[in-house]
Amino acid sequence: MTDLSVLLPIIIAVIVVLVVAGTIIGFVRGRRSNVRYTGTRDANDPTIAPTQAGSDSESGAPVAVTEPPAATAEAPQELLEEPSVEAVPTEVPAPVAGRLQRLRERLAKSNSVFGKGLLALLASDRIDDNVWDEVEETLLLADIGTEPSLELVDTLKSRVKVMGSRNPDEVRAMLREELVKLVDPTLDRELRVDRKAGKPAVVLVVGVNGVGKTTTVGKLARVFVAEDKDVILGAADTFRAAAAQQLATWGARVGVPTVKSDVDGADPASVAFEAVKAGIEQEVDVVMVDTAGRLQNKVGLMDELGKVKRVIEKQAEVDEVLLVLDATTGQNGLNQAKVFSEVVDITGIVLTKLDGTAKGGIVVAIQKQLGVPVKLVGLGEGPDDLAPFDVEGFVDAILA
């Protein structure tokens with residue numbers, strides 16, 4: 001009895017708690033059954049359905065519907081539609097004419113020391129051997145090269161002696177004339193990018209690591225789009241991480257498709273082949289193939305580059321092989337150009353990173369040694385900072 005008298009109060013307390021809890025739960029459930037939305041509901045809010053006779057729910061509780069309700073006056077259609085993915089707007093590349101003018105202005109600023117130095121020396125009241133040594137040194141520092149520098153100095157000596165005048169305008173005109181001859185306006189700098197025999201023009205872009213090949217391909221695509229050409233890009237740089245995606249991003253910005261492999265380290269020749277095949281099937285104007293950067297002294301990689309070109313030529317002729325060079329590398333760029341030209345028959349040079357440097361003389365050195373013209377020049381990081389090389393514009397910018 002003693003044990004029962006002790007437990008009895010506890011049992012009664014538990015029963016009371018259970019009764020109270022049941023009463024509260026019933027009250028809350030009764031209130032929920034009358035819930036109604038007074039304003040516009042979000043699409044993911046559950047629908048509260050009224051209790052209906054013959055409902056599957058024996059308790060008559062409301063049913064939660066997960067699908068968005070039909071459009072009503074309380075639930076506007078625009079709130080119920082699935083969100084659409086916003087497309088990245090396609091950019092309109094700058095026209096070539098405006099691009100050239102902007103590049104000339106930048107080149108004038110970056111090479112002013114070179115041009116003004118020569119003009120100051122040649123306009124001196126007394127031009128002796130020391131002055132001519134300084135002229136030669138200025139030319140060499142600009143990476144014009146030993147042979148072209150000596151040739152130019154000899155020519156200037158003769159003309160200054162005959163002219164006998166130190167008038168700045170006459171000196172400038174003389175120097176301009178000789179520099180134009182040195183840069184050689186007779187070389188064919190036109191890009192061969194027109195369709196022929198029912199096939200697109202094929203442009204292969206090569207060079208060592210870090211010179212900006214992929215960026216150059218992207219910028220050149222903008223040049224072609226500005227000229228109303230249809231373009232396809234081939235991401236045959238399959239060894240550098242994210243190179244294909246970088247190229248695809250450049251293309252997407254101007255509405256140009258990119259052929260690439262989803263497999264890291266894929267055969268670059270295979271990618272190039274597929275890019276040209278797609279270009280033929282889609283009847284585009286130009287197919288540009290970006291290749292992996294490689295050092296000119298790596299025989300295996302250079303042989304592979306030759307393979308890429310041979311595989312492409314099974315479908316279409318390679319119209320242009322553009323070698324991208326960094327202007328700041330100076331004479332080392334000559335060694336690169338020489339080896340690449342032996343493997344894939346370079347048809348033109350793209351000179352990048354010419355802004356902020358007085359190394360523009362590399363234009364002369366490369367052309368003298370290889371007989372290959374500089375066809376394009378890049379002077380900045382902007383997407384439209386690439387333009388066809390213009391001899392007189394280049395010289396005028398140097399002497400500005």
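This is a predicted model: local features need pLDDT of at least 70, side-chain atom pairs count only at pLDDT 80 or more; totals for chains, interfaces and linings use all residues.
Let's look at the second largest cavity, which has a volume of about 60 Å³. Ten residues line it, and the ones nearest its centre are L179, V183, V364, F394 and I398. Two elements each give two or more residues to this lining: helix 7 (168-183) and helix 14 (391-398). Helix 14 is the top contributor, with three residues.

## Strand 1

Now over to strand 1, residues 201-206. Six of its six residues are buried, so the strand is largely enclosed by the rest of the structure.

In a regular strand, side chains alternate between the two faces of the sheet. Here both faces are covered: A201, V203 and V205 are buried on one side, and V202, L204 and V206 are buried on the other.

## Who pairs with strand 1

Which strands does strand 1 run parallel to? One is strand 4 (residues 286-291), joined to strand 1 by five bridges. Within that pairing, V203 sits opposite M288 of strand 4.

Strand 5 (residues 318-326) also pairs with strand 1 in the parallel sense, over five bridges. There, V206 has L323 of strand 5 as its bridge partner.

Methods. Residues are numbered from 1 along each chain as its sequence is written. Side-chain values use heavy atoms; hydrogens and water are left out. On a 1 Å grid over the protein atoms alone, a cavity is a set of points where a 1.4 Å probe fits but cannot get out, and a pocket is an open set with protein on both sides within 12 Å along at least five of seven lines; lining residues have an atom within 4 Å of a point. Grid points are joined across faces, edges and corners, and a volume is the space filled by probe spheres set on the points. Helices (H or I, at least four residues) and strands (E, at least two) are DSSP runs, numbered from the N terminus. Buried means under 20% relative accessible area, exposed over 50%, partly exposed in between (1.4 Å probe, protein chains only). Two strands pair if DSSP finds at least two bridges between them.
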